[in-house]
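I opened a new page for this structure.

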Amino acid sequence: MTRPLPDLAAALAAAAASVEHPGPFIPEGALGPDFPAARRADVELVLSLPFQRLMGFELVRITRDGAESRLRLDARHATPAGTVHGGVLYGLLDPAAYLALLPHLPDGANASTHDIFVSVMRPAPIGADLRFHARVIRSGRRVAFLDAEARLGDTVYAAARITKTVFGA
């Protein structure tokens, strides 16, 4: 049985407004004192990408220990069951992990995902303030391994293991 979707028109209007926002996208104090200044432009670029902006993906903080970001779930993220669409979680766990990796990359290096495994453990309710927590497990010269989770409080709603190829260093 399906439920009526929340106010989709209002959610889409908010999404459109977020895409038109010119930035900057890094909140004051979000980059820890150990965050490399040369990587600030990379963070800004990740947060300015149309998909992240359309979804409402926001940075909370980045340190060498990891990254935290957030997503306020609304109708644009909904399934007919009134929960977040799994593709939204898949699509945002990856940039959450990339943000955690940035302070670990050598100057001039970048990274691209070559493997991602996501488990959705429970349906996240529309209206929730979902938090993404990501950390680097290991970062080498050519490969980085990361974990990312989507949580409400201490409850994990989705978890990802992500492998990225490091290049350009």
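This is a predicted model: local features need pLDDT of at least 70, side-chain atom pairs count only at pLDDT 80 or more; totals for chains, interfaces and linings use all residues.

Residues are numbered from 1 along each chain as its sequence is written, and side-chain values use heavy atoms, with hydrogens and water left out.

**Elements.** I counted four helices and six strands. These are DSSP runs numbered from the N terminus, helices being H or I with at least four residues and strands E with at least two. From the N terminus the order reads α-α-α-β-β-α-β-β-β-β. I then checked contacts (heavy atoms within 4.5 Å). Of those with a separation of 6 or more, 66% join residues 24 or more positions apart.

Two strands pair if DSSP finds at least two bridges between them.

**Strand 2.** I followed strand 2 (residues 66–72) next. Strand 2 forms a hairpin with strand 1, with two residues between them. That antiparallel pairing runs over five bridges. E58 stands opposite R70 in strand 2. With strand 4, strand 2 pairs in the antiparallel sense over six bridges. There, R72 has D129 of strand 4 as its bridge partner. Six of the seven residues of strand 2 are buried, so the rest of the structure largely encloses it.

**Helices.** Axes are lines fitted to C-alpha atoms, for helices over the stretch in contact, and angles run from 0 to 180 degrees between N-to-C directions. Helix 2 (residues 40–48) packs against helix 4 at about 175 degrees, with the axes 10 Å apart. That makes helix 2 roughly antiparallel to helix 4 (over 145 degrees; under 35 is roughly parallel, 65 to 115 roughly perpendicular, the rest oblique). I listed V43, V46 and L47 of helix 2 meeting P95, Y98 and L99 of helix 4.

**Rings.** I looked for aromatic pairs: rings of Phe, Tyr and Trp (its six-membered ring) with centres within 6.5 Å, stacked if the planes are under 30 degrees apart, edge-to-face if over 60, otherwise tilted. The count came to one. The ring centres of F57 and F132 are 5.9 Å apart and the planes are at 65 degrees, so the pair is edge-to-face. F57 is in the loop between helix 3 and strand 1, F132 in strand 4, 75 residues apart. F57 is buried at 5% relative accessibility, and F132 is buried at 1%.

**A128.** Is A128 buried or exposed? A128 is buried, with a relative accessible area of 13%. A128 lies in the loop between strand 3 and strand 4. Leaving aside neighbours within four places in sequence, A128 contacts L71, R72, L73 and L152.

Definitions and conventions
Buried means under 20% relative accessible area, exposed over 50%, partly exposed in between (1.4 Å probe, protein chains only).
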